[in-house]
Amino acid sequence: MTATPLRLGLVGHPVAHSLSAVMHRAALEAVGRQGDYALLDTPTEVELADLVGRLRFGHLDGLNVTIPHKQAALGLCDRATAEASALGAVNTLVRSADGLVVGHNTDLPGLVAALRQAFPDPPWVGGVCALLGAGGAARAAAAAALQVGAREVRVYNRTASRARQLTEDLADPRVVPVASALDALAGATLVLQSTSAGMGTQPASPEWEELRVHAMTALAATSAEACVMDLVYRPARTPWCAAAEALGRRAEAGLPMLVEQAALAFALWTGQPAPREVMARAAAGALR
């Protein structure tokens, strides 16, 4: 008997830049599953609730969640994994066999895997991680930094109250808000850039160059052996990665994390191992 075509999608705003559809369509084809993955631009939480309702009633089979809804989506789930609940954010919604919507967070294991792949000899074990940003991805980033061995995570966000809220929600004394980017970056051996700064810019354009210069000034305060992971993946060479490399720091953009979290979501929806190499090639090809 042929499996029913899967109806998958990404909710968030904006989503037009996303590589998720490219990756998941390639994955479905590679494993021989019928279905499609749609980019569902969802500006408001009312629209988000409507789409979660469509998932609950079987009109959709699975959803990814991105900016700005990762925290709001948690409250719309019928249940959530312990990991997602602890982080206060979900990025993957699954309709279970009993018709309930279950929230997962694949950002955390996706980032842990990406860090270990990109930096196999990490200098940050027992050291300080500077976390820039305090959105849904930042929550997973803070937990990932601790999981890979950082002893402290300093969180900086331009809106200080958001950084404080993140640290209060995580309730881990090793995750602390700081007043300035310099306070976060000083002596750091791991930098996780989780804001959308630079997303969609063109390398060498005035905006890209301005961000690169700003990032160089900021990253100069880090340890000379620091590693920088920018969760932004478009463009392939982000201003933060270019700045890090110019200073002699190792750097990686967000594509490996994007692929890893997508592969984990695909496995949750299909019950099949994800074709990671296929997904990575499709995403890299779309960036060219």
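Visitor: What does V175 touch, and what makes that count as contact?
Guide: Leaving out residues up to four places away in sequence, V175 touches A142, L146, V153, V155, L166, T167 and L170. Contact means heavy atoms within 4.5 Å, so each of these residues counts as a contact of V175. This is a predicted model, where local features need pLDDT of at least 70 and side-chain atom pairs count only at pLDDT 80 or more, while totals for chains, interfaces and linings use all residues. Residues are numbered from 1 along each chain as its sequence is written, and side-chain values use heavy atoms, with hydrogens and water left out.

Visitor: What makes a set of residues a nonpolar core, and which residues have the most contacts inside the largest one?
Guide: A nonpolar core is a set of buried Ala, Val, Leu, Ile, Met, Phe, Trp, Tyr and Cys residues joined through side-chain atoms within 4.5 Å. The largest has 33 residues, and L111, L115, L131, V153, V175, L192 and M229 have the most contacts inside it. Two or more residues of this core come from each of α5 (107-118), β7 (128-132), α6, β8 (152-156), α7 (160-170), β10 (190-193) and β11 (227-230). With eight residues, α6 gives the most. Another core, of 24 residues, lies apart from that one and has L8, L10, Y233 and F266 among its members.

Visitor: Why is helix α10 described as largely enclosed?
Guide: Buried means under 20% relative accessible area, exposed over 50%, and partly exposed is in between (1.4 Å probe, protein chains only). Six of the eight residues of α10 (residues 239-246) are buried, so the rest of the structure largely encloses this helix. The buried ones are P239, W240, C241, A242, A243 and A244. They pack against β7, β10, α9, β11 and β12 (250-252). Just after α10, G248 takes a positive phi of about 85 degrees.

Visitor: Why is the pair of Y37 and W269 called tilted?
Guide: Rings of Phe, Tyr and Trp (its six-membered ring) pair if their centres lie within 6.5 Å; planes under 30 degrees apart count as stacked, over 60 as edge-to-face and the rest as tilted. Y37 and W269 are 6.2 Å apart centre to centre with 50 degrees between the planes, so they are a tilted pair. They come from distant parts of the chain, 232 residues apart: Y37 sits in strand β2 (residues 35-41) and W269 in helix α11. Y37 is buried because its relative accessibility is 0%, and W269, at 10%, is buried as well.

Visitor: Is A171 buried or exposed, and how do you know?
Guide: Its relative accessibility is 61%, so A171 counts as exposed. A171 lies in the loop between α7 and β9 (175-177) and has a positive phi of about 50 degrees, although it is not a glycine. A204, in the loop between β10 and α9, has a positive phi of about 75 degrees and is not a glycine either. A204 is exposed because its relative accessible area is 66%.

Visitor: And S96, buried or exposed?
Guide: At 13% relative accessibility, S96 is buried. S96 belongs to the loop between β5 (92-95) and β6 (101-104). Beyond its neighbours within four places in sequence, S96 is in contact with R79 and V102.

Technical notes:
Helix = DSSP H or I, 4+ residues; strand = E, 2+ residues; numbered from the N terminus.
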